[in-house]
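Let's work through a few exercises on how two chains meet. Have your viewer ready and try each task before reading its solution.

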2 protein chains.
Amino acid sequence: MPETDRVFADRITDVPRSFIREILKVALDPGVISFAGGLPNRSLFPVAALKAATENVLGGQAADVLQYAGSEGYQPLREFIAARYRQTRGLDIPVDNILVTNGSQQGLDLLGKTLLNDGDGVVIEEPGYLGAIQAFSLYRPIFRPVSVSSSGMNVEQLRSAMFAHRPKLIYTVPNFQNPSGVSYPEDNRHEVAEAVAGTGALLIEDDPYGDLRFSGRPGSSFKSLLPEQTVMLGSFSKCIVPGLRLGWIVAPDDLLDKLVTVKQATDLHTSHFTQSIVHRYLADNDLDEHVGIITDTYGRQCQAMQRGIREHFPPDVACTEPEGGMFLWAALPEDLAAVDLFDLAVAEKVVFVPGDPFYVDGRRSNAMRLNFSCADEATIEIGMQRLGGAISKLLAAPQGDRESGRG
Amino acid sequence: MPETDRVFADRITDVPRSFIREILKVALDPGVISFAGGLPNRSLFPVAALKAATENVLGGQAADVLQYAGSEGYQPLREFIAARYRQTRGLDIPVDNILVTNGSQQGLDLLGKTLLNDGDGVVIEEPGYLGAIQAFSLYRPIFRPVSVSSSGMNVEQLRSAMFAHRPKLIYTVPNFQNPSGVSYPEDNRHEVAEAVAGTGALLIEDDPYGDLRFSGRPGSSFKSLLPEQTVMLGSFSKCIVPGLRLGWIVAPDDLLDKLVTVKQATDLHTSHFTQSIVHRYLADNDLDEHVGIITDTYGRQCQAMQRGIREHFPPDVACTEPEGGMFLWAALPEDLAAVDLFDLAVAEKVVFVPGDPFYVDGRRSNAMRLNFSCADEATIEIGMQRLGGAISKLLAAPQGDRESGRG
């Protein structure tokens with residue numbers, strides 16, 4: 001169909017183009033080993049148990065869950081979510097404070113839609129989750145990046161941002177963050193909560209990976225440290241399957257009430273069919289047992305990646321040490337750009353995501369995000385070997401070549 | 001959880017509170033006959049065929065459709081939609097111009113998000129679909145209502161609105177409109193297309209009910225009359241089931257490209273699991289045969305309602321004569337308000353939706369929306385009898401009482 005001089009809404013000029021989509025095209029070549037994706041490992045999907053749950057749902061009052069339904073979500077699933085918070089985190093969340101969403105990505109969208117005016121401040125982790133940057137961008141906030149490292153969120157930067165910009169939202173992924181794999185240490189969580197307490201800001205605790213811990217001990221939830229200012233986002237994508245598109249928001253009464261109105265205007269409700277399948281699955285299976293299978297696998301694969309890095313990367317490449325999740329973050333020497341490494345890596349038939357899109361300032365990052373959930377240990381070993389070779393080539397290149405890379 | 005003095009985004013102050021939600025609570029009383037809903041008839045859901053389709057999907061490459069997937073939608077389903085447009089409407093729609101959404105409600109949201117700046121003009125039918133008013137409201141347009149009747153859209157009003165306000169969008173439901181049940185006559189469609197042709201506006205042709213025709217002949221699609229300026233919205237909610245939340249947008253290349261970016265930022269993608277179930281259902285079943293069962297039933301129920309109106313309503317109540325869909329619109333004499341009838345009707349144990357929420361100007365409407373898809377013919381006869389009794393009481397009430405009704 002012919003193109004026109006269409007005038008789009010101003011808000012869509014701010015959405016960053018997803019470099020990752022381009023990368024994933026390269027990764028379609030079957031000879032390429034990809035650490036670029038952000039997918040859970042499909043070989044661990046509980047297909048048989050989901051099939052049984054689906055048969056059960058369709059054998060019962062199927063018409064109920066195939067009809068239009070309430071915007072808040074399927075009541076038994078909301079009750080399961082509340083019970084699980086009590087059981088695994090000691091958090092007492094009333095069912096009425098839970099709204100089911102199409103994955104936690106929609107949670108981000110609904111929060112932006114309900115809370116953000118043009119120019120409102122949003123503290124975002126640096127590096128930070130690309131999907132959050134994209135979702136919030138559509139509501140035209142001003143991002144106030146605060147750096148995140150293995151020491152957690154930089155509290156000095158956070159305090160300055162709170163003081164200077166009075167942000168409305170503080171977006172955090174305190175467990176096995178995407179893209180860096182780091183978790184906020186316990187004392188850092190308390191400091192962050194203190195810096196936010198008593199301000200008008202809401203802290204979003206996005207926790208899609210929290211269950212995927214393969215070492216270390218969990219830190220306190222912000223919900224327990226800052227109960228009235230914390231909004232939690234959860235997801236079944238990483239611990240069951242992503243394709244059913246199920247996540248949730250936990251929010252205070254007044255905010256949840258608005259979120260439900262906005263959810264209704266946005267897509268009426270999330271499918272009660274998929275919600276009842278997941279509820280049935282959860283009622284008939286031991287989620288912790290299934291999660292144990294995932295964390296065993298991801299833990300071994302993460303170790304294989306760390307081993308590969310030690311053996312095949314030059315010693316001046318620094319890496320994070322994830323205690324869970326799906327990602328690890330590796331930083332080249334500061335004068336190098338990860339995008340320059342990308343083309344060399346493609347030539348070696350291995351890909352990753354350069355750090356650039358995880359920063360809102362458009363910088364050339366020296367870091368790369370490496371996903372360890374999808375490739376098995378042997379493949380990771382070969383991939384790390386190839387990537388180490390590409391890094392060596394980059395380091396050996398004359399400085400001029402290094403800087404001629406793509407913008 | 002305690003409430004705070006939370007500052008929400010300005011945009012949510014504009015979302016009309018859904019009066020319908022309150023009404024549906026009254027309708028939960030099992031003794032009440034409800035014509036208030038907007039639901040397809042659940043007894044006609046093809047549960048067995050959907051169950052077979054689901055087993056088929058989960059027996060195949062289940063992990064594929066349970067994984068994260070492309071934002072555009074499940075390719076075979078998009079191909080089916082394109083083929084059906086060719087077959088049933090003679091429209092040649094490239095697959096690449098189709099984006100799958102969570103019901104057509106999300107189509108409305110994504111179009112608003114992609115196209116509307118604060119204050120942009122949106123022509124809306126009067127009376128018009130409440131869900132569209134809600135979805136667009138969040139992007140703070142100025143609504144330019146144009147009245148719709150059994151003569152179609154008022155072209156004089158449309159021309160004035162186009163000239164005076166240069167609206168960006170014109171929202172239409174040309175077939176069996178919600179709430180009025182009217183369809184645009186063929187010559188009216190040509191006049192509307194002429195009024196819009198060559199302006200910068202996009203015409204949205206929302207057609208959730210188009211397949212549900214039980215009498216008369218279909219009119220031309222705006223897509224054929226105004227190919228470069230028409231965006232089509234479609235849905236499987238009314239002809240299969242609503243609970244899988246599947247609809248689609250057909251848009252020109254440049255717009256579709258932006259819509260995909262916005263869809264990705266909004267919720268990544270619609271479940272490929274539910275999409276593949278519906279695709280399997282469509283491949284293995286004759287949709288037209290199933291739709292025939294629905295239209296037989298709805299046609300008989302619509303006739304029963306029209307018969308009940310003739311027999312039990314005072315002669316000065318005027319009604320539309322739908323050729324399909326799920327709704328009929330009945331107007332009391334002009335000095336009466338449908339909300340005043342509502343309380344009398346509840347006392348008689350029958351409910352409907354007063355016309356008020358279908359107007360953006362907050363008027364007290366003399367009309368009511370009556371749904372005929374859910375109640376069987378015998379129940380419709382009793383309900384019309386009750387409603388006729390309530391109308392007679394309203395007409396017999398002293399004028400002062402009539403006007404003391406709720407605001």
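**Exercise 1.** How many residues does the contact take from chain A and from chain B?

*Solution.* This is a predicted model, in which local features need pLDDT of at least 70 and side-chain atom pairs count only at pLDDT 80 or more, while totals for chains, interfaces and linings use all residues. Residues are numbered from 1 along each chain as written, chains are lettered from A in the order written, and side-chain values use heavy atoms, without hydrogens and water. Counting contacts (heavy atoms within 4.5 Å) gives 84 residues from chain A and 84 residues from chain B. Next, compare the two sets: 100% of the interface residues of chain A are also interface residues in chain B, so the copies meet through the same surface.

**Exercise 2.** Find how much area chain A and chain B bury between them.

*Solution.* Take the accessible area (1.4 Å probe) lost on putting the two parts together, summed over both.

**Exercise 3.** Which residue of chain B forms a salt bridge with A:Lys113?

*Solution.* Look for a side-chain nitrogen of Lys or Arg within 4 Å of a carboxyl oxygen of Asp or Glu. Between chain A and chain B there are four such salt bridges. In one of them, A:Lys113 pairs with B:Asp109, with 2.4 Å between the closest N and O atoms.
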